[in-house]
Amino acid sequence: MTTVVTQLKFPPELKEKVERLTTRTVDIFSKLNGFVSMEINLNPEGNSTLSYLQWKTFKNHENRIKDPVWDEINPEWNELMSRDHVNFQFLFVGEPKWTT
């Protein structure tokens with residue numbers, strides 16, 4: 001199992017747009033081979049998300065951007081990040097070493 005933790009920071013006025021794109025992203029990911037789950041947490045100020053994704057393998061995670069279905073939404077994310085002061089980063093990508 002591969003866990004991916006991401007953070008997205010954005011101006012509060014973009015909250016609805018980010019929510020729409022995030023919902024579409026979850027719909028797309030759910031169709032991809034090896035996708036297990038995604039949990040998205042919005043901070044109280046409404047200007048940041050912390051997301052936890054799980055894939056069966058690291059290769060499944062890597063292959064998500066090679067799948068043509070990703071091309072449906074990736075340009076919108078790229079535009080949002082380049083134009084609207086949205087910052088995306090991977091905080092962690094790996095296999096958990098222990099669970100509680």
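This is a predicted model: local features need pLDDT of at least 70, side-chain atom pairs count only at pLDDT 80 or more; totals for chains, interfaces and linings use all residues.

**Salt bridges and overall fold**

I begin with Glu 79, which forms a salt bridge with Arg 83, the closest N and O atoms being 2.8 Å apart. Both residues belong to helix H3, 4 residues apart, or about one turn of the helix. Glu 79 is partly exposed at 40% relative accessible area, and Arg 83 is partly exposed at 45%.

A search of the whole structure finds 4 salt bridges. Another of them joins the side chains of Glu 62 and Lys 59, at 4.0 Å from N to O. These two residues lie in helix H2, residues 58–63, and are 3 residues apart. Glu 62 has a relative accessible area of 30%, and Lys 59 has 48%; partly exposed is the class for Glu 62 and for Lys 59.

Which residue meets Glu 76 in a salt bridge? The partner is Arg 24, with 2.8 Å between N and O. Glu 76 sits in helix H3 and Arg 24 in helix H1, so this pair ties together parts that are 52 residues apart in sequence.

Let me turn to the whole chain. The protein has 3 helices and 4 strands, arranged along the sequence as β-α-β-β-α-α-β. Among contacts with a separation of 6 or more, 73% involve residues 24 or more positions apart. Finally, 36% of the residues count as buried.

Methods. Residues are numbered from 1 along each chain as its sequence is written. Side-chain values use heavy atoms; hydrogens and water are left out. Buried means under 20% relative accessible area, exposed over 50%, partly exposed in between (1.4 Å probe, protein chains only). Contact means heavy atoms within 4.5 Å.
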